[in-house]
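Hi everyone, thanks for coming. Please have a look at the structure on the screen, and then I'll walk you through a few parts of it.

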Amino acid sequence: MATKKAAAAVLMTHDIGLHARPSVKLTRLAKSFDAAVDLALSEDGPWIDAKSIVKVMATKAPRDTTLHFRAEGADAEEAVSALVELVKNDFRNDRRA
Amino acid sequence: MTDARKPQTPVAGQIASRGLAVGPVHIVAEGRERRRTQGDAAQEAAALRDAMARAARDLGGLIEAQADDEAAAILEVQLALLEDDGLTEGAFEAIAGGAPAERAWRDALDAQIRDYEAADDEYFRARATDLADLRDRVLDHLFGSGPAAVSPCPTGAIVVVDDLTPSRFLDLDWTVCGGLALSRGSPTSHVAMLARARGVPMLTGLGPLSLERGGIVILDAEAGRLEPAPTARRLREAAGRIADAEARRAKENTHLARPAVTADGVAVSVLVNLEELGQLDALDPAICDGIGLLRTEFLFSSARALPSEEAQYAAYVRFLDWAAGRPVTIRTLDAGGDKPVPGLTPEDEANPFLGVRGIRLSLRHRDVFEVQLRALARAAAGACGPLGVMFPMVTTPAEFVLARTIFEDVIAGLAADGVAAARPAIGMMVEVPAAAIRIADFDADFYSIGSNDLIQYVLACSRDNAALRDMFDGGDPAVVELIARTVAHGRATGRSVSLCGDMAGDADALDLLLGCGLRAFSVAPAVIGRIKAAIAATRLAGEGGHG
């Protein structure tokens with residue numbers, strides 16, 4: 001089975017940016033996929049591990065930043081589209097883990 | 001014992017959460033002068049891993065136990081950080097290099113904490129506290145003590161501590177502990193908010209305390225003081241006050257679910273003042289006749305960035321849904337005075353209560369004001385009950401007309417863009433004497449009297465000055481006359497008038513207010529039972545026909 005790759009970008013409109021709670025939701029979702037998932041604030045990187053809350057929070061991305069995702073692995077496409085959906089929905093996924 | 005105060009003298013503090021408690025002193029140590037024996041690198045790594053696993057288990061249990069989302073979210077961030085290799089890899093590298101587990105962990109966390117403390121963004125700086133909390137939690141387990149605060153506290157204990165983090169507060173069993181006394185801390189802290197939500201009496205800013213562990217103290221968070229070594233007489237008095245308060249509360253609670261009616265059958269509306277989303281879960285809308293005052297400052301306090309239209313809209317809809325068809329009145333941003341918003345309110349005013357606050361501020365920041373109005377107009381479109389929007393601190397008729405015109409333009413703009421929007425009732429707060437004196441000049445759909453500010457402006461008496469507490473009196477004839485004038489104008493012209501503020505919660509003042517013809521009061525959730533009980537005990541005999 002060949003390794004699958006996927007990538008996409010999405011504008012983040014969450015009013016306080018990529019702060020603690022959005023970061024928790026983003027990393028938790030990223031971790032639910034087997035694929036390696038990276039995040040960057042620009043197409044050219046630097047890319048960071050989207051499963052690490054320390055690294056995701058450290059981007060200190062403010063509102064109206066475009067988030068770039070890329071993934072590599074069997075469920076790469078699902079991972080990227082789920083993350084894009086989460087950001088589009090303003091980090092509202094009402095399920096409490 | 002050098003600069004600590006004499007234990008016999010009552011110590012003054014700030015009231016962070018009202019109430020009265022008597023109990024033994026329970027000192028929660030801050031000291032971290034603990035020792036453990038260092039093993040080899042593999043043992044140290046295992047010890048750290050074990051301490052982290054225990055800390056994660058604590059957090060998991062605490063999250064489960066939280067009734068409100070806000071408290072759970074604070075803890076979930078800590079748990080996520082703990083589960084992240086990115087946070088901990090530095091510590092394990094240091095251990096491999098020969099460092100003891102506690103130093104490796106502390107250094108790794110301190111590096112992160114410094115990074116957050118240096119952040120430009122206030123919200124990020126606040127995360128440093130969460131990390132410090134997490135650092136200490138793991139250290140406690142590493143030293144084998146478990147969290148210090150968890151040491152069983154005696155029934156009714158008054159917890160005495162320098163300062164307290166939110167998770168340490170949540171670690172304590174507040175069904176057992178009776179009160180909280182902080183040497184430092186602030187009434188606006190996160191912990192103070194948690195204490196108020198749980199009805200735990202709490203004082204802050206008591207300064208250095210030298211209290212004997214287990215000694216009985218009186219924590220009077222009504223008068224704002226801690227009494228060490230009270231006499232038998234003082235203890236009897238306090239016990240009497242606590243018993244009275246409990247009996248009163250039990251009696252008041254029997255009134256909660258019933259509509260408010262005077263002894264002679266006059267119906268009165270009792271509405272609730274709300275100020276944050278976290279309040280909704282614990283509150284049954286059936287105990288009130290709607291939301292009489294929804295303060296919106298909470299939306300502007302969580303971060304330096306201002307709240308988006310979407311975030312505001314979502315919040316307003318949640319309050320409207322909660323009210324389930326009952327009337328809701330939302331006040332536009334009332335920043336300034338004692339409620340600064342960084343980056344929005346002026347910082348160098350000599351007298352902020354007479355400065356750029358309330359509607360004065362909104363009219364100077366049109367962009368911010370219009371975002372809030374758009375969110376409100378959209379919420380009005382989907383509301384299942386009556387929605388009113390009111391402006392705070394209105395002083396001149398021109399100000400009101402300008403604010404209303406901006407609102408109506410915003411609504412027209414939304415309609416032109418095909419966005420669902422509606423015009424709610426547009427009213428105003430009556431809290432500046434100029435507005436009350438010339439009330440007939442203000443063409444608002446409804447009036448809401450803000451008694452706290454009205455009293456302070458009419459009597460030229462700062463409401464937060466303890467030395468003037470006796471003078472700050474809503475029963476003063478000058479105040480009552482202005483309230484009566486507003487109520488009379490409302491009645492004559494068919495506009496509704498309500499009163500929000502602490503005055504409504506005062507049983508003596510209630511007689512006066514009902515006598516003025518006022519029939520709608522909005523009070524804090526904890527006061528609803530008290531005011532309904534007071535209304536039921538009131539007779540309007542002799543007041544004549546209206547009602």
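Let's begin with helix α3 of chain B, whose buried residues are B:Leu87, B:Thr88, B:Ala91, B:Phe92, B:Ala94 and B:Ile95. Buried here means that 20 or more other C-beta atoms lie within 10 Å of the residue's own; exposed means 12 or fewer, partly exposed is in between, and the C-beta atoms are placed from the backbone. Those residues sit on the same side of α3(B), because they cover an arc of only 155 degrees around the axis, the arc being that of the directions from the helix axis to the C-beta atoms. As a reminder, an α-helix has 3.6 residues a turn, so residues three or four places apart point the same way.

Before going on, a word on ground rules: this is a predicted model, where local features need pLDDT of at least 70, side-chain atom pairs count only at pLDDT 80 or more, and totals for chains, interfaces and linings use all residues. Residues are numbered from 1 along each chain as its sequence is written, while chains are lettered from A and ligands numbered from 1 in the order in which they are written. Helices (H or I, at least four residues) and strands (E, at least two) are DSSP runs, numbered from the N terminus.

Back to α3(B), which spans residues 85-96. Its twelve residues reach 15 Å from first C-alpha to last, close to the 16 Å expected at 1.5 Å a residue; that expected span is 1.5 Å times one less than the number of residues. Just after this helix, B:Gly98 takes a positive phi of about 105 degrees.

Now the sheet. In which order do the eight strands of the open sheet in chain B come? The order is β1-β8-β7-β3-β4-β5-β6-β2, with mixed pairing. Two strands pair if DSSP finds at least two bridges between them. At the edges are β1 (11-12) and β2 (14-17) of chain B, each pairing on one side only.

Further in, five bridges join β3(B) to β7(B), and these two run antiparallel; there, B:Ala21 stands opposite B:Leu219 in β7(B). With β4(B), β3(B) pairs in the parallel sense over three bridges, and B:Ile27 faces B:Val160 across that pairing, standing opposite it. Strands β5 (179-182) and β6 (202-204) of chain B are parallel too, joined by two bridges, with B:Leu180 opposite B:Met202.

Lying across β3, β7 and β8 of chain B is helix α8 (232-253), at about 120 degrees to β3(B). Axes are lines fitted to C-alpha atoms, for helices over the stretch in contact, and angles run from 0 to 180 degrees between N-to-C directions.

One glycine deserves a stop. B:Gly156 sits in the loop between α5 (122-142) and β4 (158-161) of chain B. Is B:Gly156 buried or partly exposed? B:Gly156 is partly exposed, because it has 15 other C-beta atoms within 10 Å. Leaving out residues up to four places away in sequence, B:Gly156 touches B:Gly23 and B:Gly178; contact means C-beta atoms, placed from the backbone, within 7 Å. B:Val25 is 131 residues from B:Gly156 in sequence, yet 9.3 Å away in space, C-alpha to C-alpha.

Finally, the contact between the chains takes 18 residues from chain A and 21 residues from chain B. On the chain A side, α1(A) gives the most, with five residues.

How values were computed: Two residues are in contact if their C-beta atoms, placed from the backbone, lie within 7 Å.
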